[in-house]
Amino acid sequence: MNATMTVTCLNTKIKSLLETTFMHISLEGEISSVTYHNSGHVYFSIKDKDSSIKCVMFRSNASRMKFRLERGQHVIVNGSISVYTPRGEYQLMTVSVEPFGQGALALAYEQLKDKLQKKGYFDVQRKKPQPKYIKKLALVTASKSAGLQDMLKIIDKRWRLLEVVVIDTLVQGDKSAPQIAEALAFADTLGCDAIVVGRGGGSKEDLWAFNEEVVADAIFNLNTFVVSAVGHEIDVLISDFVADLRAPTPSASIEMILPDQNEILYTLSEMENRYARTMGQILVNKEQSLTALTQEFQRQSVSRKISMVEKEFKNLEDEFQRVMDYRLTQLKVTITPLSKLLKENFEYALKIKTQSLNSLEQKMKLYDPKLKQKEGWAEVISNGKRIALSEIKKDDKFSIMDTTVKLEVVCLDKENSV
């Protein structure tokens with residue numbers, strides 16, 4: 001008869017047996033439930049048509065997952081069996097999960113692409129227009145990479161009138177995505193006209209940082225025009241969809257956003273020649289117009305009209321003078337004897353009138369009472385002033401004068417008549 005064991009003893013034996021027997025196993029199944037815990041652990045179950053098993057993936061392994069576990073996914077789970085002794089339960093301690101028939105990176109790529117597309121990250125309407133002429137350019141890439149050297153060579157060849165800011169960052173590895181996001185955010189504060197983010201070619205794993213959501217978020221939130229230039233032409237990354245412009249290679253990105261200085265010089269030369277021809281023709285046309293306007297102005301000018309009026313007036317004046325001279329010549333024969341006769345008659349009439357006037361004047365003197373009253377009249381002057389006789393005293397000297405005679409007198413005696 002077998003010895004009796006405790007429950008703990010049995011569970012311990014089962015734990016030892018299962019964990020040493022099933023240390024490294026792979027299970028194929030469909031995810032029936034999944035929970036992402038705040039701690040970073042992932043709890044899920046996989047099943048086939050007849051049974052299921054619980055699985056747990058701790059945070060350290062879950063952080064390395066490239067895709068997100070979802071219910072209904074067909075997966076291959078790698079791990080080991082672990083028994084929880086207090087409850088006698090066992091579960092699969094998951095180390096990694098791979099999509100069945102599809103790589104993890106490919107699934108993660110499609111999951112993130114679908115997520116970001118639904119959020120509007122790829123909408124054409126939100127993409128910023130490409131600047132025509134770039135004065136300042138930020139290059140977000142590894143400072144020692146071949147891709148950077150290729151871009152700098154193209155810049156030197158195509159457009160030297162450019163300020164270039166190189167922002168060094170990791171472009172490969174687990175820590176590269178956050179660094180790229182930080183570098184992009186920093187580049188956005190530098191006042192650049194455009195940002196190019198990328199790297200040269202590599203494997204899918206080498207380029208994976210540009211498929212990370214943190215990089216997509218950083219590109220989406222930029223205020224500066226941004227170009228994604230990652231890998232080769234066949235490589236299409238999430239960053240290519242989010243960026244304002246996708247370039248097949250780093251060097252191609254420079255050719256796409258910078259003008260060719262030789263083409264600009266040629267264009268300027270053509271514009272200069274066209275400008276000279278156009279201006280020459282314009283000057284000829286304007287000169288002809290100016291000549292026509294000058295002639296028309298001269299015809300219509302006030303000075304010309306005044307000159308014509310003056311000339312006409314002079315002609316009229318000359319004609320008038322000739323007519324007047326002729327008339328005066330004609331009238332002179334008639335006027336001369338009449339003038340002589342008029343003069344004689346006038347002199348005779350004036351003589352008669354003068355005699356009559358003198359006669360009347362004599363008569364007026366005879367009959368004018370006022371003139372009679374003035375006979376014997378004279379002024380009394382003393383010290384240059386006219387005075388009355390009543391003002392004169394005995395022995396005063398004064399003058400008596402009329403219009404023709406002045407007498408110097410001394411008063412010998414004064415007798416008042418009243």
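Q: Is Lys118 buried or exposed?
A: The label follows from relative accessible area: under 20% is buried, over 50% is exposed, and partly exposed lies in between (1.4 Å probe, protein chains only). Lys118 counts as exposed because its relative accessibility is 67%. This is a predicted model, in which local features need pLDDT of at least 70 and side-chain atom pairs count only at pLDDT 80 or more, while totals for chains, interfaces and linings use all residues. Residues are numbered from 1 along each chain as its sequence is written, and side-chain values use heavy atoms, with hydrogens and water left out.

Q: With which residue does Lys118 form a salt bridge, and how far apart are the closest N and O atoms?
A: A salt bridge requires a side-chain nitrogen of Lys or Arg within 4 Å of a carboxyl oxygen of Asp or Glu. The partner of Lys118 is Asp114, with the closest N and O atoms 3.3 Å apart. Both residues lie in helix α3 (residues 104-118), four residues apart, about one turn of the helix. Helices (H or I, at least four residues) and strands (E, at least two) are DSSP runs numbered from the N terminus. Asp114, at 37% relative accessibility, counts as partly exposed.

Q: Which residue does Glu213 bridge to?
A: Glu213 forms a salt bridge with Lys115, where the closest N and O atoms are 2.9 Å apart. Glu213 belongs to helix α6 (residues 213-220) and Lys115 to helix α3, so this pair ties together parts that are 98 residues apart in sequence. Glu213 is partly exposed at 25% relative accessible area, and Lys115 is partly exposed at 39%.

Q: How many salt bridges does the structure hold?
A: The count is 11. Among them is the bridge in which the side chains of Glu379 and Arg386 meet, at 2.9 Å from N to O. Glu379 is partly exposed, with 22% relative accessible area, whereas Arg386 is exposed, with 61%.

Q: In what order do the strands of the open sheet run?
A: Two strands pair if DSSP finds at least two bridges between them. The open sheet has five strands in the order β7-β6-β8-β9-β10, with parallel pairing. Its edge strands, β7 (163-168) and β10 (245-247), each pair on one side only. Neighbouring strands of this sheet are turned by 20 degrees against each other on average, direction ignored. The axes are lines fitted to C-alpha atoms, for helices over the stretch in contact, and angles run from 0 to 180 degrees between N-to-C directions.

Q: How many bridges pair β8 with β9, and which helix packs on the sheet?
A: Strands β8 (residues 194-199) and β9 (residues 225-230) pair in the parallel sense over six bridges. Val226 in β9 is the bridge partner of Ile195. Helix α8 (residues 250-257) packs on the sheet and touches β6 (136-141), β8, β9 and β10. The direction of α8 makes about 130 degrees with that of β10.

Q: What is the strand order of the closed barrel?
A: The barrel has five strands running β1-β2-β3-β5-β4, and its pairing is mixed. From one strand to the next, the twist averages 55 degrees. Strand β4 (residues 74-84) and strand β5 (residues 89-99) run antiparallel and are joined by 10 bridges. Helix α1 lies across β4 and β5, at about 140 degrees to β4.

Q: Is Thr94 buried or exposed, and which residues is it in contact with?
A: Thr94 is found in strand β5, where it stands opposite Gly79. Thr94 counts as buried because its relative accessibility is 2%. Contact means heavy atoms within 4.5 Å. Leaving aside neighbours within four places in sequence, Thr94 is in contact with Phe44, Cys55, Val56, Met57, Asn61, Val77, Asn78 and Gly79.

Q: Which residues make the nonpolar surface patch?
A: Patches consist of residues with over 30% relative accessible area and no salt bridge; like charges are joined within 9 Å, and nonpolar side chains (Val, Leu, Ile, Met, Phe, Trp, Tyr) within 5 Å. Met5, Leu10 and Ile14 make a nonpolar patch of about 250 Å². Areas come from the Shrake-Rupley method with a 1.4 Å probe; for residues, only the protein chains shown count as cover. Leu10 sits in helix α1 (residues 7-21) and is partly exposed, with a relative accessible area of 39%.

Q: What is the phi value of Asp395?
A: Phi of Asp395 is near 75 degrees, a positive value in a residue other than glycine. Asp395 is in the loop between β12 (385-386) and β13 (397-401), and is exposed at 53% relative accessible area.
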